[in-house]
Structures are given as structure tokens and as C-alpha cells.
Amino acid sequence: MHIHDLSQQNSILNTFISEMRDVTIQKDSMRFRRNIERTGEVLAYEMSKSLNYKASEIETPLASSTMDLLENDIVLCSILRAGVPLHNGLLNYFDKAENAFISAYRHHKENPEHFEIIVEYLACPDLQNKTLILADPMLATGQSMIATYEALKPFGTPKEVHLVSVIGAQEGVDYVSKSFNENTHLWIGTIDEQLNDKSYIIPGLGDAGDLAFGKKLQQ
Ligand SMILES: O=P(O)(O)OC[C@H]1O[C@H](OP(=O)(O)OP(=O)(O)O)[C@H](O)[C@@H]1O
Ligand SMILES: O=c1cc[nH]c(=O)[nH]1
Ligand SMILES: [Mg+2]
């Protein structure tokens, strides 16, 4: 898997991520959502440099101009809930993309350290030979990303797959690296070292879904 860790270069993206992490600033849920969204915009721009382009003639009011334009058929699939603002950011740039949504949440059994990923809702277009972008702000154990990809398999075989995340844990990045083929790309804001005993990313930012949309009751 090709890993593009954007924290390896200094950019304004680090400011957005620092605000999402900051225990005071992150309480402003509108700013938190917007920071996820603009991270999606930055990651979309970086990813766009690796896609396919085709020369096209554009008529201006004065003459014609030849420009190389994106030719990939993109399907953007986000994992609910926390994926919603990231989806919006990606869609702000890949504005012609088709869209898929899937719900994946951690279902805790008696022991808070043990959970399984429950996939319930899924709406997806044909994926055959398309460029699939799988987006979720948090890549902790990587199980949600893998469960999602498995659930999408009946919808066709994409030409290429790009994973997009804001913060990952090294363990989750290693897990998805083993499960996706070597042509898959991961576009990620930064990679943290650890998971805690509840599989939260450390230092991470806390619970992205709750920060964006409010606390939910455990099911
Ligand atoms: O890599 P994993 O270990 O699978 O964890 C990451 C998942 O956890 C978060 O979702 P969460 O279960 O909190 O759902 P929510 O978005 O509804 O809050 C996050 O948005 C990912 O989907
Ligand atoms: O650190 C984590 C791990 C899973 N989900 C989150 O929202 N945060
Ligand atoms: Mg959550």
C-alpha cells in the first residue's frame, strides 16, 4: 500500500489537525466539523495529483484552450457518522463523484474492551472499474475500513482504491496495509503511535463522531 502521511511535510493542515485535537477548541462542534471538512479538501487536492487526466478543449469567449482534466469515475464512500464532514470536504473538490454511504459502528459486548463492527445501512452505486475512495476520519484498529470494503464487494471491482483518513494509529495502518492490495493508496493527515485498551487512538482526538454530532447512547 502507498502511504501518503501529510504530516511529513509542514503545511496548514497541521493547524487544522491541532485544532481537532485541542481539548478546548474541539468543543466547538461546528469548527470541529469544518476542520474535518477542510482536511478532506486538502486530502482531495493531494490525491488529485495521482489520478488520470485527459486533454480537453475549452472554449473561452475569446479562443480555445487545451487543458488536462480529471477523467476518473470516482465513487466516494464514507462511513457514518464521523465520515459525513470528511465526505463533504472530498465532494467539494470531486464534485462529479458518485456517492455511497455505509454505517459501521462499534458494538460493545459486556466487556468494554471487546467490540464487533456492525454494518447496517449501505447505499452504493456500481463500482466496476471505478475509482473508489473510502473515507473515515479515524483509522484506529482498521476494522471499520475492512468491514466496509468487504460489504462493498458485491457492488463490483474498482479499478483502484484510495483510503482517506484524518488520524490513524500505526496498528490500524499496518492492518489495512496487509488487507488491501499493494496498489491501494492511503491519504492521511497524521499517524499516531498507539491505541489504548479501548482501541482509541493515543494521543488522537477522542471520539470523532461524538465531537461532530453529539454523544450517542451505547447500543
Ligand atoms: O478503525 P476502527 O477501530 O474500526 O475505529 C474507527 C471507527 O470508529 C469511529 O466510528 P464510531 O464507531 O465511533 O462510530 P460513530 O462515527 O457513529 O461515532 C470512526 O469514525 C471509525 O468508523
Ligand atoms: O480514537 C478513536 C478511535 C475510534 N473512533 C474515534 O472516534 N476515535
Ligand atoms: Mg464514534
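Which residues in α1 meet which residues in α2? In this predicted model, Leu-13, Phe-16, Ile-17, Glu-19 and Met-20 in α1 meet Arg-31, Phe-32, Asn-35, Ile-36, Arg-38, Thr-39 and Val-42 in α2. Sorted by class, the residues of this contact of α1 with α2 comprise seven nonpolar, two polar and three charged ones. The geometry behind the contact is as follows: the axis of helix α1, residues 13–21, and that of α2 come within 9 Å and cross at roughly 150°. Because angles over 145 degrees count as roughly antiparallel, α1 is roughly antiparallel to α2. The crossing of α1 and α2 is left-handed.

The crossing of α2 and α3 is right-handed. On the side of α2 the contact is made by Arg-33, Ile-36, Glu-37, Arg-38, Thr-39, Gly-40, Glu-41, Ala-44, Tyr-45 and Ser-48, and on the side of α3 by Pro-85, Leu-86, Asn-88, Gly-89, Leu-90, Asn-92 and Tyr-93. By class, seven nonpolar, six polar and four charged residues form the contact of α2 with α3. Ile-36, Arg-38 and Thr-39 of α2 take part in the contact with α3, and these residues also meet α1.

These helices belong to a chain that contains six helices and 12 strands. The C-alpha trace of the chain spans about 65 × 40 × 30 Å along its principal axes. With 219 residues, a compact globule would have a radius of gyration near 17 Å, and the 18 Å of the chain therefore agrees with that expectation.

A cis peptide bond, with omega about 0°, joins Leu-80 and Arg-81, and Arg-81 is found in the loop between β4 (74–80) and α3. A further cis peptide bond runs from Ile-202 to Pro-203, again with omega near 0°, and Pro-203 has its place in the loop between β12 (201–202) and α6. Asn-129, a residue other than glycine, has a positive phi near 60°, and its place is in the loop between β6 (115–123) and β7 (131–135).

Around ligand 2 lie Ala-82, Met-138, Ala-140, Tyr-200, Ile-201, Gly-204, Asp-207, Ala-208 and Gly-209. This shell has six nonpolar, two polar and one charged residues.

Methods:
Residues are numbered from 1 along each chain as its sequence is written. Chains are lettered from A and ligands numbered from 1 in the order in which they are written. This is a predicted model: local features need pLDDT of at least 70, side-chain atom pairs count only at pLDDT 80 or more; totals for chains, interfaces and linings use all residues. A residue is near a molecule or strand if its C-beta atom, placed from the backbone, lies within 6 Å of it. Ala, Val, Leu, Ile, Met, Phe, Trp, Tyr, Cys and Pro count as nonpolar, Asp, Glu, Lys and Arg as charged, and the others, Gly among them, as polar. A crossing is left-handed if the near helix is turned anticlockwise from the far one by less than a right angle, and right-handed if clockwise. Helices (H or I, at least four residues) and strands (E, at least two) are DSSP runs, numbered from the N terminus. Two residues are in contact if their C-beta atoms, placed from the backbone, lie within 7 Å. The radius of gyration is taken over C-alpha atoms; the globule rule is 2.2 Å times the number of residues to the power 0.38. Axes are lines fitted to C-alpha atoms, for helices over the stretch in contact, and angles run from 0 to 180 degrees between N-to-C directions. Angles under 35 degrees count as roughly parallel, over 145 as roughly antiparallel, 65 to 115 as roughly perpendicular and the rest as oblique.
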